[in-house]
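Please look over the structure shown here before reading on. The notes after it are grouped by topic.

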Amino acid sequence: MGRVEGKVAFITGAARGQGRSHAVKLASEGADIIALDICEDLPFAHSPHATPEDLQETVRLVEAAGGRIVARKADVRKRDEVDAVIAEGLEAFGKIDVVIANAAAIQYKNVFDLSVEDFEATLDVNLHGVFNTVQTPVRHMIERNEGGSIILISSGIAYKATPAPDYSAAKTALITFARALANELGPNRIRVNTIEPGYVLSPANDNPKYAERTARLLGREPFATPEEHREALWEQLKPRNMLPVGWVEPEAISNAILWLASDESRYVTSEELKVDAGFADK
Amino acid sequence: MGRVEGKVAFITGAARGQGRSHAVRLAEEGASIVAVDVCHDIDEIAMPLATREDLEQTVREVEAVGGRIIAREADVCDLAQLEAAVAEGVAAFGPIDVVVANAGVAAYKDFPSLSEATWRKTIDVNLTGVYRTVKAALPSMVAAGKGGSIILISSGSVFRGGGLLTDYATSKNGVVGLMRSLALELGPHWIRVNSIMPSTVLTKIVDNEVFATVVSNAMNNGQPFETREQRLEAMNAMIASRHMIPRGWVDTRDISEGVLFLASDDAKYITSESLRIDLGFAGK
């Protein structure tokens with residue numbers, strides 16, 4: 001008997017990295033998955049985004065874990081696209097118990113270089129996209145009257161200054177958005193929580209474009225191999241954490257997702273759960 | 001394979017209530033338990049504390065789920081007693097992996113009538129008692145060199161005012177300060193330190209005649225309730241409005257699920273976290 005046996009989870013940004021890891025973890029514990037991902041690059045974002053092939057790989061892994069999945073290409077900025085995927089998922093599985101608002105995009109620009117259009121672009125994905133992700137499932141959950149668990153992926157950036165002011169603003173806003181939602185939806189037994197991950201190594205940063213940025217920030221020659229980049233990044237990041245690690249794996253975030261998605265946390269709401277190796281408090 | 005299979009957990013205040021529930025839940029998932037409780041009342045604290053019979057009941061319940069347990073009478077105000085219990089536990093089961101500093105008391109005094117003796121006792125049990133608990137268990141954890149998880153039970157009263165809780169809230173805030181600095185210091189040893197911030201949990205700490213007067217003053221013009229059911233109903237009404245999920249309290253099991261999560265390797269990168277299991281109390 002899995003820890004989320006029989007539940008249905010809707011996950012955005014599910015083609016790779018954290019989102020894929022959450023989908024596979026929940027499926028391995030008995031959940032069915034409704035997944036979406038934009039599966040194309042965003043012009044403003046720093047690093048390449050996922051591909052349709054990535055999303056297919058998520059489908060394969062979820063099915064290998066024993067789960068059923070509806071996975072579609074969709075953009076969280078476009079409400080009609082999100083709602084179409086939800087409708088298909090409901091058609092297939094009949095309900096949504098868990099929502100994981102994971103899709104995100106980041107550009108690394110200092111405040112003087114940020115145009116208002118850049119700022120809007122970040123909010124569009126990371127904040128308005130979350131609104132688009134949760135509203136229709138919330139209506140469904142209220143109507144169904146069986147409660148639910150909504151998990152918004154915020155960031156450790158909410159507690160520590162970082163050189164991404166637009167992203168920081170969006171991710172921090174999710175905490176107060178979750179608090180207000182939790183308060184409003186408490187009587188419906190719909191729980192709303194955020195996770196604040198520390199640095200997670202995923203395709204969003206484990207890529208050549210990001211490696212160029214790391215080399216530039218460290219004032220050194222470009223890295224010859226991905227391994228060299230990871231090694232330097234690990235040493236750069238480790239002093240920021242209480243535990244002697246540079247980053248946490250996507251699965252560590254998935255373990256927290258599993259706990260919040262399950263009935264083990266039935267009275268946990270408006271919580272900010274840090275999975276960050278002690279980043280926020282150091 | 002249990003979620004904390006093969007781990008050894010040291011739990012204070014384990015004779016009843018939350019502590020007993022944590023012992024049973026961790027044992028269900030494969031841990032061996034080293035349990036202590038003071039097992040007698042304390043002069044400065046009006047609420048009745050656990051008894052030897054309560055601690056024996058914890059032993060029976062842990063064994064009933066297939067767990068191993070060493071249970072001893074020990075006072076968190078006495079480091080030597082805690083060290084002796086840990087030494088027995090380590091000899092029987094091996095080094096401590098998990099510490100659950102759960103022992104706590106509440107005096108429920110309004111501030112003008114809160115004596116210095118009671119203030120000192122509350123701090124001594126709830127804060128310095130946590131210091132002693134960690135102090136007793138830590139050497140075996142560090143020496144074993146395999147990391148560990150220390151869980152300090154703090155309180156939702158850290159975030160919101162609570163009636164007749166000045167000494168209690170102060171002590172529980174102190175626990176969070178202790179937790180953060182310990183987490184920083186012990187990180188290199190892979191020893192994680194976190195707190196849990198429960199809202200009201202239905203145990204003897206609120207389900208007693210001392211707290212009954214708090215409820216009757218707030219909800220019944222100071223008149224005693226005829227039955228426990230009436231008292232709990234009034235208590236539920238008194239507290240539920242402060243929670244986002246409109247219930248008066250959580251069950252011990254709900255806190256134990258948080259303890260289990262933090263104790264397990266599922267939380268291997270979680271440290272310096274204040275985990276709220278509180279029906280949305282802190283945010284409301």
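**Briefing**

H6(B) and H7(B) are roughly perpendicular to each other (angles under 35 degrees count as roughly parallel, over 145 as roughly antiparallel, 65 to 115 as roughly perpendicular and the rest as oblique). Helices (H or I, at least four residues) and strands (E, at least two) are DSSP runs, numbered from the N terminus. This is a predicted model, in which local features need pLDDT of at least 70 and side-chain atom pairs count only at pLDDT 80 or more, while totals for chains, interfaces and linings use all residues. Residues are numbered from 1 along each chain as its sequence is written, and chains are lettered from A and ligands numbered from 1 in the order in which they are written.

**Helix pair in chain B**

- Helix H6 (residues 209–219) and helix H7 (residues 228–240) of chain B have axes that come within 10 Å and cross at roughly 65°; axes are lines fitted to C-alpha atoms, for helices over the stretch in contact, and angles run from 0 to 180 degrees between N-to-C directions.
- H6(B) passes H7(B) in a left-handed crossing (left-handed if the near helix is turned anticlockwise from the far one by less than a right angle, and right-handed if clockwise).
- On the H6(B) side the contact is made by Ala212(B), Val215(B), Ala218(B) and Met219(B), and on the H7(B) side by Arg231(B), Ala234(B), Met235(B), Ala237(B) and Met238(B); two residues are in contact if their C-beta atoms, placed from the backbone, lie within 7 Å.
- By class, this contact of H6(B) with H7(B) has eight nonpolar, no polar and one charged residues (Ala, Val, Leu, Ile, Met, Phe, Trp, Tyr, Cys and Pro count as nonpolar, Asp, Glu, Lys and Arg as charged, and the others, Gly among them, as polar).

**Helix pair in chain A**

- The axes of helix H1 (residues 17–28) and helix H2 (residues 52–64) of chain A cross at roughly 20° and come within 8 Å.
- H1(A) and H2(A) are therefore roughly parallel to each other, and their crossing is right-handed.
- H1(A) contributes Arg20(A), Ala23(A), Val24(A) and Ala27(A) to the contact, and H2(A) contributes Thr58(A), Leu61(A) and Val62(A).
- The residues of the contact of H1(A) with H2(A) comprise five nonpolar, one polar and one charged.

**Domains**

- Chain A is divided into domain 1 (8–198 + 249–275) and domain 2 (201–247); domain bounds come from an automatic or database domain assignment.
- The centres of domain 1 and domain 2 of chain A, taken over C-alpha atoms, are separated by 25 Å.
- In chain A, 10 residues of domain 1 are in contact with 11 residues of domain 2, and the domain 1 side has three nonpolar, five polar and two charged residues.
- Chain B is divided into domain 1 (8–199 + 251–277) and domain 2 (207–248), with C-alpha centres that lie 27 Å apart.
- In chain B, seven residues of domain 1 are in contact with five residues of domain 2, and the domain 1 side has five nonpolar, two polar and no charged residues.

**Contact between the chains**

- Chain A has 29 residues in contact with 29 residues of chain B.
- Helix H5 (165–185), helix H8 (250–261) and strand S7 (272–275) of chain A each supply at least two residues of the side of chain A that touches chain B.
- By class, that side of chain A has 13 nonpolar, seven polar and nine charged residues.

**Loop residues**

- Most residues other than glycine have a negative phi, and most peptide bonds are trans.
- Leu164(B), in the loop between strand S5 (148–153) and helix H5 (166–186) of chain B, has a positive phi near 60°.
- Leu164(B) counts as buried because it has 20 C-beta neighbours inside 10 Å (buried if 20 or more other C-beta atoms lie within 10 Å of its own, exposed if 12 or fewer, and partly exposed in between; C-beta atoms are placed from the backbone).
- Trp190(B), in the loop between H5 and strand S6 (191–198) of chain B, also has a positive phi near 60°.
- Trp190(B) counts as partly exposed, with 17 C-beta neighbours inside 10 Å.
- Asn241(A) is in the loop between helix H7 (226–237) and H8 of chain A and counts as buried, with 23 C-beta neighbours inside 10 Å.
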